[in-house]
Amino acid sequence: MDKNLSGLKDKLEQAMAEYAREDICLAFSGGVDSSLLLKAAAEAVKKTGKKVYAVTFDSRLHPSCDLDIASNVAKELGGIHKIITVDELEQEEIRFNPVDRCYLCKKKLFQSLREFAGERDIPVIMDGTNEDDMHVYRPGIRALKELGIISLLAELHITKAQVKALAGEYGISVAKRPSAPCMATRLPYNTEIDYDILGKIGEGEEFLRSRFQGNVRLRLHKDIVRIEVDQDSFERVLKERDIVISYLKKLGFAYITLDLEGFRSGSMDLGIGESGIE
């Protein structure tokens, strides 16, 4: 391990040791950010005798396979895994996908997490927001701040690349897992969110992931579905274009395009930027 990474690892462990004097409740998706935190927390509470709860939201706005992954990783890393079932679309504001949807969703989810922690007298509530998340359009961060959620990776200025490197050093199984954000990010803002449509998008993405490595997104624009993959997957996608077109048309998508800019996290946010709703 290089010196800089070793220093970050020490800083994370020292900070987590302070929080581990109390029980910890962690919003846990099974992704690399929350898994790194869970590993650090699980190691820290071994020395204090406290508990760490890894709490996953069962939400239809996230792929169903996320629950299984989260359960397996929580078992691997030693957290007490719990599941909270939520339906964001019960809230009409969220259902029509406004530009601050992420804020509204985060507030709903983390209010339920705060209730879970309160019922168990757990004072420390964490999430996996990292340093990079602080420099892009993330309106949900405002909800985390309002609810007093601790974003330890961001506080320690640990970037996504550093998270992945640290997860690799710890030997965490999901160290290289691509991010899997809310499925509503596949739809334009101010478009009604429909679970049936999201189900088809999810099925299409699962098919594409079975054939192409790296990041995969299907973004829907009325009758057009836009495929985003890493640029080094372009050649393979074009080679298998007939298979891809056939599968996606069977799902009901009329026009199928490949985005020549490749995968871009938050590409539906273009034009909003830091001047948008925070």
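This is a predicted model: local features need pLDDT of at least 70, side-chain atom pairs count only at pLDDT 80 or more; totals for chains, interfaces and linings use all residues.
Residues are numbered from 1 along each chain as its sequence is written, and side-chain values use heavy atoms, with hydrogens and water left out. The helices (H or I, at least four residues) and strands (E, at least two) that I name are DSSP runs, numbered from the N terminus.

Let me stay with this first pair. Two packed helices are described by the angle between their axes and the distance between the axes. For H1, residues 3–19, and H2, residues 32–48, the axes come within 9 Å and cross at roughly 60°. Axes here are lines fitted to C-alpha atoms, for helices over the stretch in contact, and angles run from 0 to 180 degrees between N-to-C directions. H1 and H2 are therefore oblique to each other; angles under 35 degrees count as roughly parallel, over 145 as roughly antiparallel, 65 to 115 as roughly perpendicular, and the rest as oblique.

Which residues of H1 and H2 meet? From H1 there are Leu-12, Met-16 and Ala-17, and from H2 there are Leu-36, Leu-37, Ala-40, Ala-41 and Ala-44, where contact means heavy atoms within 4.5 Å. By class, this contact has eight nonpolar, no polar and no charged residues. Ala, Val, Leu, Ile, Met, Phe, Trp, Tyr, Cys and Pro count as nonpolar, Asp, Glu, Lys and Arg as charged, and the others, Gly among them, as polar.

H2 itself deserves a moment. Of its 17 residues, 13 are buried, so H2 is largely enclosed by the rest of the structure. Buried means under 20% relative accessible area and exposed over 50%, with partly exposed in between (1.4 Å probe, protein chains only). At 1.5 Å a residue, H2 should span 24 Å, and its end C-alpha atoms are 25 Å apart, which agrees; the expected span is 1.5 Å times one less than the number of residues. Gly-49, with a positive phi near 80°, follows H2.

H2 passes H3 in a right-handed crossing. In H2, Ser-35, Leu-38, Lys-39 and Ala-42 meet Val-73, Ala-74 and Leu-77 of H3. These residues divide into five nonpolar, one polar and one charged. Not counting residues up to four places away in sequence, Asp-66 touches Ser-29, Arg-177 and Ala-180.

H1 has a further partner in H8, residues 160–170, with the axes 11 Å apart and an angle of about 85°. H1 and H8 are therefore roughly perpendicular to each other. Leu-5, Leu-8, Lys-9 and Glu-13 of H1 make this contact with Gln-162, Ala-165, Leu-166, Glu-169 and Tyr-170 of H8. The classes here are five nonpolar, one polar and three charged.

Now to H7, residues 152–155, where Leu-153 lies. Is Leu-153 buried or exposed? Its relative accessibility is 0%, so Leu-153 counts as buried. Leaving aside neighbours within four places in sequence, the contacts of Leu-153 include Leu-12, Leu-36 and Leu-37. Leu-12 belongs to H1, and Leu-36 and Leu-37 to H2, in the H1 and H2 contact that I described. Glu-131 is also in contact with Leu-153; these two residues are 22 apart along the chain, and their C-alpha atoms are separated by 6.6 Å.

In the loop between H7 and H8 stands His-157. His-157 has a positive phi near 60°, in a residue other than glycine, and counts as exposed at 54% relative accessibility.

Between E5 and E6, the loop holds Lys-222, with phi near 55° and 80% relative accessibility, so Lys-222 counts as exposed.

Methods: A crossing is left-handed if the near helix is turned anticlockwise from the far one by less than a right angle, and right-handed if clockwise.
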